[in-house]
Each structure stands twice: as structure tokens, then as C-alpha cells.
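Here's a quick tour for anyone meeting this structure for the first time. Have a look at the sequence and the model, then read on.

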Amino acid sequence: MQLSRSARIALRVAAGLGFAVIYVPLLLVVVNSLNPDRSASWPPPRLTTHWWSVAWHNSGARAALWVSVKAGLGATAIALVLGTLIAFAVARHRFFGRDSISFVVVLPIALPGIVTGIALNSAFSTVLAPLGVGLGLFTVIVGHATFCIVVVFNNVVARLRRTSGSYEEAAMDLGADTFRAFVDVTFPLVRSALLAGGLLAFALSFDEIVVTTFTAGPGIETLPIWIFENMTRPQQAPVVNVVAAVLVLVSVVPIYAAQRLAADTAGGSRV
Amino acid sequence: MALLTRTAGALHRRPRLRLSLLLTAPLLWLAVLYLGSLSVLFVSAFWTTNSFTSEVVKVWSTDNFHELFTTPVYREVILRSVGVALAVTALCAVIAFPLAFYTARVARPRWRPLLVVAILTPLWASYLVKVYAWRLILSEGGLADWMLRPFGLSGPGFGLPAAVLTLTYLWLPYMILPIHTALEQLPAGLLDASADLGARGWRTFRSVVLPMVLPSVAAGSVFTFSLSLGDYITVQIVGGKTQLIGNLVYSNIELNLPMAAALGTVPVVVIVLYLLAMRRTGALSSL
């Protein structure tokens, strides 16, 4: 399309402003972690790394980080298994209700987190409580796995749709049995999609707060819950600033990796 | 080893067995655990609560829904929530369009993949940190106040506008991406044809570009609308005293779970209606 010179300039300016709107808040979080004051007033009087060392030794934040990592790993492991199983069923078989399966997989992430959260909460308290099992890290992992399945499923199913089943058939014609064909042929084909899906699932779990609120037992505090609890306490503000800055800096890495791994699959979108 | 070979043979001969082995565990998880919990929740919306003990009374009644539609506060909050979700969607579309137009059609082709990554990266940054960033910006003496002070103004502070702004920021990438993809796939021939027929830039935009990109705007709006409608954390952090439907659900959970469940059905029903409306535009097939 032939755009006039002024239209081009206007679009450049608009895009520049847009990118500024996207990135200034994130940069602000990073700069603010160097702010010596407890208030968020701008501009900071000077810059200091004092709060970074304070945050490093903060036991609450460390414990919460550890809980988040455990919950993320647990949920990712379950989501990898379940998501891959569904992906193989949907991509390699025809059966009644196949379309509705993709719908059910998306549902946990499409519905508001608070609805999923209280549904799981009341189910856990009616089913698990009589068995003597209370809410805890286990229930957080179950809740997170439920909405992480979709990212693994999306990645693996996209990969399976592009690689036809004839590779496996060829392996079997050459004498490989079902397991051999899976180990030597199918798994290497989907490995990078699994890795991408796993990374996204971990990131999704690591960041989740609403479902966590309703499935975490007493004393179980993930990093987002810790931030949320401490955000409004002026005393803790500098440490929260540092944790937030670290999360901004760290979040870039797995996203970049997942992008590279899954450039051709559903890695670009969360759903 | 012999057993393994025999199992492999059995699996190969019986695709139904293979399928049921694949599906049993995930279906138990999703259908029984997840859909089961959801249905119990929606059934419990028709139960009531003993007002003295806050215990759930499992007697069928539509009182909760009656209350939902007749209490002015509830009606007001529901309308406000839908209004916020629509406002966020409109703002996202208005901001996303020029940005996507630039990344898909104006920027040098060499730069385009890089720009897409630049849009995607903040999408994955922590939700809570992004809300926190806006809390910092909008707090008293924060960046917003500092920027507006030379004009004799001050920032909006915490409240409904702050919540709309923050939600717009949170879900913006979900709107940019589909529009970018649609604009990128727009055949250049169509634009040339429009120019050959004498249309200037603006006319081409209105008659050719916009109709072809609208389904993608609708696709993006599915995310911006439903994610905004269910949110209650953002409103708690930057919304001041503002209440949205999620906050009402949250505040009812402890004392009146059936009422919370009834309130929770509202966003679900609205989202399903919105999805159905968007399906007519063909948006869902481009998701």
C-alpha cells in the first residue's frame, strides 16, 4: 500500500510511543529496585545496590521462591505426561468426542482463575478432608497442572500434525515394535516441542496467583503470593522491588528459549 | 523382554486399546477432577447458606440468582465489570492497531521478526510484576505525577481509571499479535488493486484493510475481554475501592459459598455469550 509520507511518520511515532508504553513500566521496576527510598517517588534521589543484598538474605522471599520452583516442577511434570498423552490421542487417532477434548483442555485457562480456584478448593475440601489430607503443596501442584496441560498439548499436537505417522510406520516396517519406534523415531521428533511446552508450563505455573490462593494450604507461600502479601507493606517495599526486578530480568530467558525451540509451533501464544 | 515384545504386539494390533491407554489418565484428570469440581460448584450456586453458622444448606433454591438480579449493588458491579472489559478491549484495539501496522507493514522486513519478539517478551513477564509496575507509576509522587506536573496536573491515582489502564497494559500483546499476523498476511496484490482503482491510502485502509483485519481484532478481543472480566487481583492492587465481579466472588467465599458460586457463573455466562457472538465474525477459527 502506498502510504503518504506523513502517514508513515505518524505510524512510526505511534509505534515508538506504543513500544515505550510496553517497556517503560518494566524498566521502571528495574530502576526502582536501586531506589534507596522506601517510597516509589520519582525520580529516585540516587541509586544503590543496598536492597539487592538485603533481598538476597531475605528468608521469606527465598522460601517462597523454593516453593514456587517445587510447584512449577511438579505441575510441569504432570502436564507433560497428560498433555502429551492427549496430543497423541487427538493427532493419531479418530474417535467420538475428539473435538470436545481440545475444548476441555483449554477450559481451565479460558475460565476466570477465581472460578477454577474455588471449584478446586471446594472439591479438595469435600473429597480430601475426610481422607485426612489437607490443602498443601500437593493441591497447588494439582491445580497448576490442570491449567498447564493446555500449553504442552498445544505444542505437541502442533508438532504431531506436521510430522505424519508414516515415519513410525516406516520404522515398524523395518522391524521396530511399538516401543522401539517411539523411542527411536517419534520421541526425537517431538522432543523440542516437549521442551518448549514444558518451559511454557513452568513459566505459567511460576507466575500463577489466583488458583494458588485457593489451593495452597496454610504455610504454603509461592513467590507471587509472597509478593502480593508484601506489596502493600512499606517496610517490605524495597525487597519487593528487588524481587520484582529479578523476575523481569529472568522472565526474558525462558521465553526467548521457548520462542527459539517452538518457532513453528504454538509457542507464540499462551493459549 | 519377551513380555515387552508381546505387549508391543498387542498394542499394535489393538488401536482401541492404545487409545484407551492414552486417554484414561488425562480424562480422569480433566473430566472427573476438573469438570466434576466445576459442575459441583455450579450446582452449589442453587444451594443456600445458614445465615448464623455460614454452613452450606443443600436445599435447591434459586434465591441466589434472584438476589443477583434484584440487588442494585450486584447489578451495578456486573454492569461496571462488563463496561471495564469492553473499555479495556476498545483501548487495546486502538493502541494495538498502529503498532501492529508498523511492525507488519512499515518496518523494514529485516526488523520484523525482532519486533514480534519485542512484543512477545513482556507478554510473558510476570503478571504480578506488571501490575506492580503500574502501582509504582500511579502512586503518589510516582512517575505519572512527575510527568504531568509540568502541565499543572497530577496522575489519576488509584481507582477505576487506574484499573482500566493496568488491565489494558496487561492484555495488550494478546491484541497486537493477531492483528500483526493478519496485516502481515494481507496480499500485496489486493492493496495494489485498490490503488490501481484510484483509492488513496485512507480509502484503501477503510475498504480493504479494515474488513480483512476485523476478524483478528475480534480474536484478540476474546482474550482482552475474558481476561479482564475475571480479574480481581489488579483491581485490588491499583483499583482503590473499586469493586468488580471478581472481588464480589472473592468476598463471598468465606461466608456464603453458594452466593460466590452464583456470582462466579456471571463472568462464565458472559464470556460464553461473548465467544458465541465472536464466533459469528469468524474470529474463533483464526485463534
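In chain B, helix α3(B) touches helix α13(B) through B:Asn64, B:Phe65 and B:Leu68, which meet B:Pro258, B:Met259, B:Ala262 and B:Leu263 on the α13(B) side. Sort that contact by class and you get six nonpolar residues, one polar and no charged ones. Keep in mind that this is a predicted model.

**How α3(B) and α13(B) sit together**
- Helix α3 of chain B covers residues 63–70, and helix α13 of chain B covers residues 257–279.
- The two pack at an angle of about 60°, and their axes are 9 Å apart.
- Because of that angle, α3(B) counts as oblique to α13(B).
- As for handedness, α3(B) makes a right-handed crossing as it passes α13(B).

**Where chain A meets chain B**
- Helix α5 of chain A (residues 113–127) packs with helix α2 of chain B (residues 15–44), with 8 Å between their axes and an angle of about 95°.
- So α5(A) is roughly perpendicular to α2(B).

**Domains of chain B**
- Chain B splits into domain 1, running 2–44, and domain 2, running 64–286.
- Taken over C-alpha atoms, the centres of domain 1 and domain 2 of chain B are separated by 37 Å.

Key:
Residues are numbered from 1 along each chain as its sequence is written. Chains are lettered from A and ligands numbered from 1 in the order in which they are written. This is a predicted model: local features need pLDDT of at least 70, side-chain atom pairs count only at pLDDT 80 or more; totals for chains, interfaces and linings use all residues. Axes are lines fitted to C-alpha atoms, for helices over the stretch in contact, and angles run from 0 to 180 degrees between N-to-C directions. Helices (H or I, at least four residues) and strands (E, at least two) are DSSP runs, numbered from the N terminus. Angles under 35 degrees count as roughly parallel, over 145 as roughly antiparallel, 65 to 115 as roughly perpendicular and the rest as oblique. A crossing is left-handed if the near helix is turned anticlockwise from the far one by less than a right angle, and right-handed if clockwise. Two residues are in contact if their C-beta atoms, placed from the backbone, lie within 7 Å. Ala, Val, Leu, Ile, Met, Phe, Trp, Tyr, Cys and Pro count as nonpolar, Asp, Glu, Lys and Arg as charged, and the others, Gly among them, as polar. Domain bounds come from an automatic or database domain assignment.
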